[in-house]
Amino acid sequence: MLDAPTLNSPEFGAAFLANERAERLKTGKVGSILVLLLMPAGIVLDAFVYPHHLTLFLGWRLACSVLAGLLCFLHTIPFGQKHYKTLGLLIALLPAAFIAGMIYVEGENPNYPVSPYYAGLNLILLAASVVVHWSTIESLLAVSSVFLMYVAASLPKARMEDLPLIFNSYYFLVLTGVLVITGNHVFNRLRKREFELRYELDQNKKTLEESNQKLMELDQIKS
């Protein structure tokens, strides 16, 4: 087993960051492609819930897909690979911004005093978190940003009689955020521990190979 100083060494830190970067670039591409494909698919929901805004929302969804395609492309070039953490946040914030826009547009609709599309924000946080796996700080930024988007979209046009329903949506959005932050914190701790074990195994394997090589050299000298 390697001692604590070895696991806190610059070499271990660099190896862990390189591994995390490679994994995040892979998952970031997957997340971007999911947004690209699933965002336009939501037009089916729009057709039933907001048919009077079908053309407008379709345009927004297609625009979001184009930007998601750009995010996917950025994961393949040096600039994007350098800023992979920012791209990882945008995978969630991009569709969340468009959905918040839809919620704002429907803020004065008497048939939907509180848009059911707040559930889409919950889905985005959970899905992006499962695919991308943010750090704890990134999780806090993503959750707080999405929550503020929803507040900005839902509160300005809210009526007094709508406040209980709005509070209900806030409540579930906050609970989703707590789950996302806690889940990512636990996952990242487990992922780091798993990497530590693999790193220890690789280092011990190298040490064993070096010892065997020295023994072979000694045998040759004796011969």
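**Close-up views of a predicted model**

View 1. C72 is buried, at a relative accessible area of 18% (buried is under 20% relative accessible area, exposed over 50% and partly exposed in between, using a 1.4 Å probe and protein chains only). The model is predicted, so local features need pLDDT of at least 70 and side-chain atom pairs count only at pLDDT 80 or more, while totals for chains, interfaces and linings use all residues. Residues are numbered from 1 along each chain as its sequence is written, and side-chain values use heavy atoms, with hydrogens and water left out. Searching the whole structure turns up zero disulfides (a disulfide being a pair of cysteine sulfur atoms within 2.5 Å). C64 is in no disulfide, and its nearest cysteine sulfur, that of C72, is 13 Å away. C64 counts as buried because its relative accessibility is 0%.

**View 2. H75 in the loop between α4 and α5.** Here H75 sits between α4 (54-74) and α5 (78-82); helices (H or I, at least four residues) and strands (E, at least two) are DSSP runs numbered from the N terminus. With 1% relative accessibility, H75 counts as buried. A polar atom of the H75 side chain lies 2.7 Å from the backbone oxygen of L71. Beyond its neighbours within four places in sequence, H75 is in contact with residues including R24, G28, S32, Q81 and I91 (contact means heavy atoms within 4.5 Å).

**View 3. Helix α2, end to end.** The end C-alpha atoms of α2 (residues 10-41) are 46 Å apart, which agrees with the 46 Å that its 32 residues should span at 1.5 Å a residue; the expected span is 1.5 Å times one less than the number of residues. Among the buried residues of α2 are F12, F16, R24, G28, S32 and M39.

**View 4. α4 against α6.** These two helices pack at an angle of about 175°, their axes 10 Å apart (axes are lines fitted to C-alpha atoms, for helices over the stretch in contact, with angles from 0 to 180 degrees between N-to-C directions). That makes α4 roughly antiparallel to α6; angles under 35 degrees count as roughly parallel, over 145 as roughly antiparallel, 65 to 115 as roughly perpendicular and the rest as oblique. Look for W60, C64, L67 and L71 among the α4 residues, meeting α6 residues that include L87, I91, L94 and F98.

**View 5. α6 against α7.** The axes of α6 (residues 84-105) and α7 (residues 118-132) come within 10 Å and cross at roughly 170°. The two helices are therefore roughly antiparallel to each other. Residues making the contact include G88, I91, P95 and I99 of α6, and Y118, L121, I124 and V132 of α7.

Definitions and conventions
Polar contact = N/O pair within 3.5 Å; in protein donor to acceptor, adjacent residues only side chain to side chain.
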